[in-house]
Amino acid sequence: AKKTPGYQIRCYNSTMQSNISKRYQIQQSLKQALLDEAFYPVYQPIVNSQGMLKGFELLSRWQHSEFGPIAPDTFIPLLEEEGLISLLTQQMLHKGLAQLAQWRKTLPELTLSINLSVPDIADAQLPELLQQLLQKQQLPATALTLEITESILIQQKDHITKKLEHLKMQGFSIALDDFGTGYSSLSYLNNYTVDILKIDRSFVSNLSDPKARRLTLAIIHLAKELELKVTAEGVEQLQQLTILQDEYCHFYQGYYFSKPLTVNELEQSQWLKPSSQ
Ligand code: C2E
Ligand code: CA
Ligand code: CA
Ligand code: CA
């Protein structure tokens with residue numbers, strides 16, 4: 001578009017003004033929300049190839065006092081920008097691992113996956129906190145999967161790789177999240193730091209397109225060749241599941257099985273019955 005004088009002024013209407021001030025207000029309330037523990041976990045079931053419950057992925061939610069629910073895609077980047085994300089991670093680890101210990105009384109093999117951001121990996125206190133929490137809750141490290149995205153891996157490669165190797169030596173599983181969407185560097189897959197590849201939802205939702213489908217299947221084969229486990233994310237339809245099952249993914253996750261649920265919703269569901277695992 002041709003630049004005209006006053007362009008910015010004409011576009012700067014009241015909607016934008018209120019969006020900017022909304023964003024500003026949200027940003028201003030992050031710290032207090034953390035202090036108030038206004039963020040809470042929901043849990044999405046992950047099933048194995050038999051359709052039995054493997055574990056849950058913890059996803060954070062925020063009910064803002066003024067604006068109502070705010071999506072993680074909004075508040076996670078803001079927390080990262082404000083240097084507050086590690087505080088959220090710590091709260092979610094406390095809550096999630098206490099919950100997991102509770103559930104494992106009836107489902108002893110249950111696992112919990114938790115999402116980490118770059119500052120979490122850089123956080124020198126994380127390994128110790130994890131160790132403390134496991135001890136407190138009497139959990140083995142194998143009960144916890146740490147999910148990281150490819151974007152984490154491209155930053156400070158050597159440093160991050162060392163940190164991940166350390167976490168792995170502590171016994172945690174490492175899952176590479178949103179695989180295929182970022183700057184995939186296949187070299188990461190070859191140095192034994194990653195245990196699980198999570199095939200991004202965008203691949204799963206395009207399975208009806210033959211070319212996209214071949215690409216997805218090739219990724220699954222690659223992962224298996226490298227002896228990684230594969231989780232298919234964002235499975236919404238039986239048709240998608242059928243295609244993926246032909247290729248034997250190890251784990252599945254998506255609305256077809258369940259959306260993320262609150263603790264109350266889970267306790268009223270079939271998921272926590274001893275027969276679900
Ligand atoms: P993610 O880790 O890739 O999580 C999967 C997202 O896809 C979740 O969105 C989940 O609710 C959604 N989802 C699951 N199954 C389906 C499906 O079948 N169809 C569709 N359309 N969506 C599905 P959510 O909860 O909004 O979270 C978005 C992202 O925010 C997450 O993506 C993760 O990167 C980040 N996030 C959420 N909680 C945390 C957290 O506690 N810490 C960090 N660092 N990041 C978080
Ligand atoms: Ca994830
Ligand atoms: Ca993902
Ligand atoms: Ca994602």
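Predicted model: local features only at pLDDT ≥ 70, side-chain atom pairs only at ≥ 80, totals over all residues.

I started with strand β2, which gives the most to the shell around ligand 1, with 4 residues.

Then I sorted the shell around ligand 1 by class: I got 8 charged, 7 nonpolar and 6 polar residues. Of the 21 residues around the ligand, I noted S60, R61, D177, E236 and Y255 as the ones that come nearest.

I went through some polar side chains one at a time. For E236, I read 2.5 Å between an N or O atom of the side chain and a nitrogen atom of ligand 1. For D177, a polar side-chain atom sits 3.0 Å from an oxygen atom of the ligand. For E57, I have 3.2 Å from a side-chain N or O atom to an oxygen atom of ligand 1.

How much of ligand 1 does the protein cover? On its own the ligand has 800 Å² of accessible area, and I noted that the protein covers 85% of that. I also looked up the pockets: the space taken by ligand 1 is the largest pocket.

Last entry, the metals. I looked for the protein donors of the calcium ion (ligand 4) and found two entries, D178 (OD) and D178 (OD), lying 2.6 to 3.0 Å from the ion. From the calcium ion (ligand 4) to the calcium ion (ligand 2) I read 5.9 Å.

Note on methods. Residues numbered from 1 in each chain as written. Chains lettered and ligands numbered in written order. Heavy atoms only, no water. Near = heavy atom within 4 Å. Polar contact = N/O pair within 3.5 Å; in protein donor to acceptor, adjacent residues only side chain to side chain. Areas by Shrake-Rupley, 256 points an atom, 1.4 Å probe, with all protein chains shown as cover. 1 Å grid on protein atoms, 1.4 Å probe; cavity = no way out; pocket = protein on both sides within 12 Å on 5 of 7 lines; lining within 4 Å. Sits in = over half its atoms within 2 Å of the grid points. Helix = DSSP H or I, 4+ residues; strand = E, 2+ residues; numbered from the N terminus. Nonpolar A, V, L, I, M, F, W, Y, C, P; charged D, E, K, R; others polar. Donors = N, O, S within 2.8 Å, 3.2 Å for Na, K, Ca; no water.
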